[in-house]
Amino acid sequence: MKYKRLFVLLGDQLSPRLLDHADKESDLLLMAEVMQEASYVPHHKKKIAFLFSAMRHFAEELQTFGWHVHYTKLDDDDNSGSIVGEIKRVANFHCINTTACVAPGEWRLHEAYTELAQDIDLEIIEDPRFLISRGDFADWAKGRKLYRLEDFYRFMRQSTGLLMDNNKPAGGKWNYDQDNRKTLRRGTNTPEPHRSEPDSLTTEVIELVKKRFHNNLGAIDNFWFAVTRADAERALARFIDNCLPNFGDYQDAMLTNNDFVYHSVISMYLNAGLLDPLDICQRAENAYHSGHAPLNAVEGFIRQILGWREFIRGIYWLLMPEYRERNFFDAHRELPDFYWTAKTDMHCLQQAVSTTLREAYAHHIQRLMVTGNFALLAGINPNQVHEWYLSVYADAYEWVELPNTIGMSQFADGGIVGSKPYAASGNYINKMSDYCKSCRYDVKQKYGSEACPFNYLYWDFLVRNRDKLGKNNRLFHPYRNWDRMDRSKQQQYLKSADVFLQQLS
Ligand code: FAD
Ligand code: DLZ
Ligand code: SF4
């Protein structure tokens, strides 16, 4: 068969709507498992298994619907090892002169495609799966001194009409975050996310991952992610039925041996294209209108997808590639080994990292206020922190991971994504979790060998970076408290931090 065009779909482009401009009769779709994508960071085993299995299921689905698909498996003898290599090889084999690709989610591939377009006839189509295009985000950003989520979010609520009553926000307020800070009692049972049984395709992929990626981090046993659109829909429905009503209240809560609390656990499906952001938001909105879920929960949930997710992507494409190199605090400490092993006496970190290793998942507050907060306070090199987050989570692609890490979590962008660093002492973790009850360290002690390290690291961080943060209005109170502190107490804080950080190195 003579094809007119090669149409490339990447591993996170598993959405039929991307084929709206493709031709079933004359296009050959290309999907390829390639080593370069599977190893540009040491991905978690479950992340690779999820994507390969979802890719294989999607390819089968497309073939069932009559599409012509060339699917390269990782172990195919003639696999060239890279996306660009596969485009050239397959186009050459089928004598195809024209190629189309959907714009990739990472700068790395954006550059590779741009370079390839010098050699071959390559059309790069905008990815339609976002609620604002890159160009419209750039227009929104134009002329603004500060890019603030709240402004962007209101703009998005207005432009999509989500949770709007006659041009006014539903319930009269844009944001119900103040209501979303409840804590959970120890041992509270929360609903489990939907778990899928691996079928033969998934089992085959798990064996491949065990064989080819045995040195990568993370567990592969007990693989339960959805790998098809239908199953991802089930996961979403289960979240809306069982968890959404409590999502708002307990959005910031953490509990020992509770990996998911009331979170949706859908980010990997959404980012790979198995779910659609507008559809998710509309279904959450319906749950509010039908009385199934309260406004603080639905608004909080929609804000994450309509607000944060789109904002983060906009920032990525607006500021790359220089954004990746940002290191506002000039932080250079090595990432501690326990990020890869979970072997640490700090119970909060042990919990967040062990969930990560087991599930290729951790919820937002674990990422932000435990692993992220520690790296920030300890002055870890933001690039190493970025590589870690990009490797370990099943939902991680640079467009979404990088601004969350460099910007929101490490404040390495100097205040583009957030107005102040998410730095907190043990007190915050103690308030929002039950972790401290089972910790070898004492959260009530401020310094010394028994004290919670977050307590003295917090002050050490503020003092160390005073030249950069001292004028930040939002940090006025902490700096004033420090200045009012007894000098000997100040010395104790700094000394404890020094001893701890030396051991860490
Ligand atoms: P829920 O808490 O149920 O939230 C619902 C959805 O909102 C998520 O599925 C996600 O699509 C979206 N969302 C929520 N917060 C954010 C956010 N800050 N940015 C973008 N989308 C958001 N999210 C990723 O999808 N990929 C990443 O690689 C990633 N890296 C992160 C790194 C750091 C340091 C931090 C602090 C956050 C990161 N996040 C990332 C955002 C957030 O932590 C995850 O989206 C969320 O934990 C996924 O779990 P969930 O599906 O249960 O989310
Ligand atoms: C993450 C990933 C992995 C592990 N493997 C592949 C692959 O073999 N083939 C592929 O097309 N995509 C893969 N991906 C997803 C890509 O890395 C992702 O599409 C880019 O990073 C752009 O977001
Ligand atoms: Fe974490 Fe400190 Fe609490 Fe231990 S005491 S769990 S280190 S916050």
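This is a predicted model: local features need pLDDT of at least 70, side-chain atom pairs count only at pLDDT 80 or more; totals for chains, interfaces and linings use all residues.
Colleague: Why are helix 5 and helix 12 called roughly perpendicular to each other?

Modeller: The axes of helix 5 (residues 134-141) and helix 12 (residues 295-319) cross at roughly 85° and come within 9 Å. Because the range for roughly perpendicular runs from 65 to 115 degrees, helix 5 and helix 12 are therefore given that description.

Colleague: Which residues of helix 5 and helix 12 meet, and how do they divide by class?

Modeller: From helix 5 come Arg134, Phe137, Ala138, Trp140 and Ala141, and they meet Glu310, Phe311, Arg313, Gly314, Ile315, Trp317 and Leu318 of helix 12. By class, that contact of helix 5 with helix 12 holds eight nonpolar, one polar and three charged residues, and the polar count includes Gly, since Gly is classed as polar.

Colleague: What makes helix 19 roughly perpendicular to helix 22?

Modeller: Helix 19 (residues 453-464) packs against helix 22 (residues 487-504) at an angle of about 105°, and their axes are 8 Å apart. That angle makes helix 19 roughly perpendicular to helix 22, because the limits are 65 and 115 degrees. Helix 19 contributes Pro453, Asn455, Tyr456, Leu457, Trp459, Asp460, Val463 and Arg464 to the contact, while helix 22 contributes Tyr493, Leu494, Ser496, Ala497, Phe500 and Leu501. Those residues divide into 10 nonpolar, two polar and two charged.

Colleague: How do you know that Asp12 has a polar contact with ligand 2?

Modeller: A polar side-chain atom of Asp12 lies 2.6 Å from an oxygen atom of ligand 2, and a pair of N or O atoms within 3.5 Å counts as a polar contact, so the pair qualifies. A backbone N or O atom of Ala32 lies 2.7 Å from a nitrogen atom of ligand 2, and for Gly105 a backbone N or O atom lies 3.5 Å from an oxygen atom of that ligand. The protein covers 100% of the 490 Å² of accessible area that ligand 2 has on its own.

Colleague: Which residues come nearest to ligand 2?

Modeller: Gly11, Asp12, Ala32, Val34 and Glu37 come nearest, out of the 19 residues around ligand 2.

Colleague: Which backbone and side-chain atoms lie by the oxygen atoms of ligand 1?

Modeller: Among them are a backbone N or O atom of Val265, 2.7 Å from an oxygen atom of ligand 1, a backbone N or O atom of Ile266 at 3.1 Å, and a polar side-chain atom of Asn271 at 2.8 Å. The protein covers 99% of the 820 Å² of accessible area that ligand 1 has on its own. Helix 10 (267-272), helix 12, helix 15 (364-378) and helix 17 (398-409) are the elements that give two or more residues to the shell around ligand 1, which by class has 15 nonpolar, 10 polar and four charged residues.

Colleague: How many charged residues does the shell around ligand 3 have?

Modeller: That shell has no charged residues, with 10 nonpolar and two polar. The residues around ligand 3 include Met346, Cys348, Cys436, Cys439 and Cys452, and helix 14 (347-359) and helix 18 (426-432) are the elements that give two or more residues to the shell.

Colleague: What is omega for the peptide bond that joins Met320 and Pro321, and where is the place of Pro321?

Modeller: Omega is about 5°, and the bond is cis; Pro321 is in the loop between helix 12 and helix 13 (338-341).

Definitions and conventions
Residues are numbered from 1 along each chain as its sequence is written. Chains are lettered from A and ligands numbered from 1 in the order in which they are written. Side-chain values use heavy atoms; hydrogens and water are left out. Axes are lines fitted to C-alpha atoms, for helices over the stretch in contact, and angles run from 0 to 180 degrees between N-to-C directions. Helices (H or I, at least four residues) and strands (E, at least two) are DSSP runs, numbered from the N terminus. Angles under 35 degrees count as roughly parallel, over 145 as roughly antiparallel, 65 to 115 as roughly perpendicular and the rest as oblique. Contact means heavy atoms within 4.5 Å. A residue is near a molecule or strand if one of its heavy atoms lies within 4 Å of it. A polar contact is a pair of N or O atoms within 3.5 Å; within protein, one must be able to donate a hydrogen and the other to accept it, and residues adjacent in sequence count only if both atoms are side-chain atoms. Accessible areas come from the Shrake-Rupley method with a 1.4 Å probe; for residues, only the protein chains shown count as cover.
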